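Dear colleague,

Please find below the structure that I am handing over to you. My notes on what was found in it follow.

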Amino acid sequence: MFMASQNSGGSVSASGARSNSRSSVPPVKCYHDDVAPIRTVRVNCPTQGRRFYGCSHYPRTCGFFKWADEVDNVLELQTLAIEKDTKISELEYERDVLKGKVKKLKQSTTELESQVAELAIENTEKFHAMETVKADKKLCIMLFMSWFFFAFVILFK
């Protein structure tokens with residue numbers, strides 16, 4: 001069997017003193033639903049010095065055993081997954097906001113196109129009116145000149 005010492009936050013160490021360190025990760029629990037203390041392999045073997053979680057009721061254990069580095073890797077991956085999910089949620093929200101803006105811009109574009117079409121019709125009507133006025137002015141000038149020429153011819157005849 002492994003010889004081990006407990007050295008997790010709030011657990012008894014090899015010297016019997018309580019440790020005050022606290023981990024920012026949720027505690028690992030054994031099958032008794034108790035916090036599983038972290039221990040270190042002390043016997044001379046290939047895993048000597050490796051840390052593991054074991055049942056808190058040692059030596060009458062429930063059989064719970066996890067290598068600490070594997071638990072840490074899982075917790076890191078879970079944290080990364082949560083961060084990625086958060087980022088995905090933020091990006092989805094941003095996408096929805098941008099979709100709303102695009103919808104508003106499309107509505108504005110449609111309204112502006114309608115206004116431009118109305119202005120084009122209005123300007124065309126004004127242009128035709130101005131052409132009519134211009135033609136009328138030319139006609140008036142031609143009539144005036146013809147009367148002036150007629151009067152000039154009659155007077156100097």
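In these notes, buried means under 20% relative accessible area, exposed means over 50%, and partly exposed lies in between, with a 1.4 Å probe and protein chains only. This is a predicted model, in which local features need pLDDT of at least 70 and side-chain atom pairs count only at pLDDT 80 or more, while totals for chains, interfaces and linings use all residues. Residues are numbered from 1 along each chain as its sequence is written, and side-chain values use heavy atoms, with hydrogens and water left out.

Strands and helices are DSSP runs numbered from the N terminus (E, at least two residues, for strands; H or I, at least four, for helices). Two strands pair if DSSP finds at least two bridges between them. Strand S3 (residues 51–54) pairs in the antiparallel sense with S2 (residues 38–41) over three bridges, and Ile38 has Tyr53 as its bridge partner in S3. S3 also pairs with S4 (residues 65–67), again antiparallel and over three bridges; here Phe52 is partnered by Trp67.

Ile38 and Tyr53 also belong to the largest nonpolar core, which has ten residues, including Val28, Cys30, Phe64 and Leu75. Such a core is a set of buried Ala, Val, Leu, Ile, Met, Phe, Trp, Tyr and Cys residues joined through side-chain atoms within 4.5 Å. Helix H1 (residues 68–155) gives the most to this core, with three residues. Leaving aside residues up to four places away in sequence, Phe64 touches (heavy atoms within 4.5 Å) Val28, Tyr53 and Cys55, among others.

Phe144 lies in helix H1 and counts as exposed because its relative accessibility is 55%.

The whole structure holds four salt bridges, each a side-chain nitrogen of Lys or Arg within 4 Å of a carboxyl oxygen of Asp or Glu. In one of them, the closest N and O atoms of Arg50 and Glu70 are 3.8 Å apart. This pair links distant parts of the chain, with Arg50 in the loop between S2 and S3 and Glu70 in helix H1, 20 residues apart. Arg50 is partly exposed at 28% relative accessible area, as is Glu70 at 42%. Arg50, Asp69 and Glu70 are linked in a network of salt bridges. Another salt bridge joins Glu122 and Lys126, at 3.5 Å between the closest N and O atoms; these two residues are separated by about one helical turn because they are four residues apart in helix H1.

Yours sincerely
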